[in-house]
Amino acid sequence: MKIKRLPKEVYDLIAAGEVILGPVSVVKELAENALDAGASRIICEITGGGKERIRVSDNGSGIEKSDLSLAFAPHATSKLDSADALERIETLGFRGEALASIAAVSQVTMITKTENDEIGSCLKTEGGSEPEISSSGADKGTDVVVERLFFNIPARKKHMGDTRNEGRKITEYLSKAAVSRPVISFRLISDGVLVFATMGNGDLLAAIATVYGNKTAENLIKVSAGSEKMQVNGYISGVLGLRNNRKGQHFFVNGRPVKNAAIESAVSRAYRGYAEPGRFPVAFVFLTIDPSFVDVNVHPSKSEVSFANQDEVSSFVYESITDILNSGNVIPKLRVPGRNLSDTTFKMADSEETIISTSGGAGEKVEEVDIKRILSDKPMDNNGNSDGEEQKNTPEGVVYDNRLQETNYSNIDMPEKIAYFAENTDYHYKESLNINALSVIASLFATYILATDGDVFYIIDQHAAHERVNYELFSKAYMKGEIVKQELLTPYLFEPPVTIGNLGSYIEFLEKLGYSVEEFGEKTWACRTFPAFVSQIEGEAFLSEILDALGTEEEVISAAAADRIMMKACKDSVKANKILSDEENKALLKELSECENPYTCPHGRPVFLKLTRKDIEKLFKRA
Ligand code: ADP
Ligand code: MG
């Protein structure tokens, strides 16, 4: 074949295919345009997972009629005018490719109006055809409908996922977008059903609750820290609410949802000792940093970023989160019935119909709940019309759904939700606990210590507390290589479990843990010292747990393995159901106060629970 230049139509189609990979790319590009246009409200409606129809409408700047056809030309943008400007770009888009690409592979209708224009304009194009432009009634803003996606690229069309899958990708993307901009109200409607609606009042936690569910939001604690160079804000899991995977982790850099290994590993490191291996915190981490440190071009869709000062970012995030985790903020509060956030659902003003209700977190099974058709009680026809509604004067085929515009958030009874957060969450997270200031009230069921600092009533799990104290004593001393030993009056004789094989190869490791052992008989070994901080009984139980654990480890004990072994030994050696004297209770709290993280056992179970005076008053209906 001779070399020829590709015809423009073919070239455009190939280029478009690189920008628009599927329905979610269309939503992303249109939503980003809406954000760049300064919209305070963005509504996205999809049909058939976006494969049939996608509509994104915003109340942003709109496009002037004279610019409209240019907006759809390749490499046409209003956001960039020189190579210099590329260095300090602040908009989400700048390549001027999105509208051209979408138009090349679908049928697009756009209605738009700027503030100054008296009448709006309507543009139609299909498969990259020359746009037809006419006048149209419209409110300020832009309303784009994309249909028949990939009608002219059959291979791509076939390649799209099923409706559910494509719909899920759109929900995931818009969820992140909504949380990344709590000052903007986002609404997603899928096949006529409201998936979520955020209020756009700037309350991040409320946005998280709305999008990812109350259950997720309930267990989050606030992060907010800054240095000269960067800032980290957001919410992370306290003691409760950990998950089996990382799907609840969302990272944002300068407002853009991103993937980033440095932030992810910083979060994981911070939770070491709070979360059992295999358990992951939920995290909404917003990093603000000078854009010149950030390279957003690592990934073509800008979803991955890298930092020039990767290590600095990582340790800053790590330290900020560690500080929060080591504060009393992580203590879970007992639920007070009647104001359980999980029960809070949004209701339409004049009806009992629930329009948003509790859902699972992202990536977890979303409860099938009574999210109802909200726009009217009349069923919609395929065009989104319901009869009897007055339609604005729009060209055929374009539905100007004024009910959408008119359903504003004042119809939705949100203040209750806000009040809840104001009343409970903040209050809860602001106080911090000085363990030394606690006075012990009593011991309960030979398992719990009841204590108060005058304002808050605490229940302390003796076992978890003890486990934490031992673990920190043990691991700190081990790390420093200075476990103090106590000589036993008579050597302690034991038989190692057969699973270990040759105990001889672990002598050095045991020595470092405070156990000096030597062979004594055919199967019997003798131990001459125990670590100093344990009693005789504890020391025996520790050793037996360590020996059990050794059977499952490599011969050379890594730091991580040593940690695992110490955790396990502490867990199983401390017994509940042992009545402690007042003095012992006090001593335990004193030791606990010296721990780095007194609020959870090494496996992440809570050490403290609390009830505030206000909670108790509510329970007795005094409040
Ligand atoms: P880019 O966003 O990279 O500039 P696009 O192809 O997405 O490129 O859009 C081209 C231009 O059209 C934008 O620069 C902007 O001026 C205008 N535009 C697109 N969508 C909107 C919108 N929703 N509101 C206002 N202007 C828009
Ligand atoms: Mg764009």
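**Exercise 1. Describe how helix α8 begins, what follows it, and whether its residues are buried or exposed.**

Step 1. At the start of α8, a side-chain oxygen of D203 comes to within 3.1 Å of the backbone nitrogen of L205, where helices are DSSP runs of H or I with at least four residues, numbered from the N terminus. This is a predicted model, in which local features need pLDDT of at least 70 and side-chain atom pairs count only at pLDDT 80 or more, while totals for chains, interfaces and linings use all residues. Residues are numbered from 1 along each chain as its sequence is written, chains are lettered from A and ligands numbered from 1 in the order in which they are written, and side-chain values use heavy atoms, with hydrogens and water left out.

Step 2. Just after α8, G213 takes a positive phi of about 100°.

Step 3. Helix α8 covers residues 204-212, and because 9 of the 9 are buried, α8 is largely enclosed by the rest of the structure; buried means under 20% relative accessible area, with a 1.4 Å probe and protein chains only. Among these buried residues are L204, I208 and Y212.

**Exercise 2. State which residues come nearest to ligand 1, and how much of the ligand the protein buries.**

Step 1. There are 19 residues around ligand 1, counted when a heavy atom lies within 4 Å of it, and N33, T77, S78, K79 and G96 come nearest.

Step 2. A polar side-chain atom of T77 lies 2.5 Å from an oxygen atom of ligand 1, a backbone N or O atom of L99 lies 2.9 Å from an oxygen atom of the ligand, and a polar side-chain atom of T142 lies 3.3 Å from a nitrogen atom of ligand 1.

Step 3. Taken alone, ligand 1 exposes 530 Å², of which the protein buries 92%, the areas coming from the Shrake-Rupley method with a 1.4 Å probe.

How values were computed:
A polar contact is a pair of N or O atoms within 3.5 Å; within protein, one must be able to donate a hydrogen and the other to accept it, and residues adjacent in sequence count only if both atoms are side-chain atoms. Buried means under 20% relative accessible area, exposed over 50%, partly exposed in between (1.4 Å probe, protein chains only). Helices (H or I, at least four residues) and strands (E, at least two) are DSSP runs, numbered from the N terminus.
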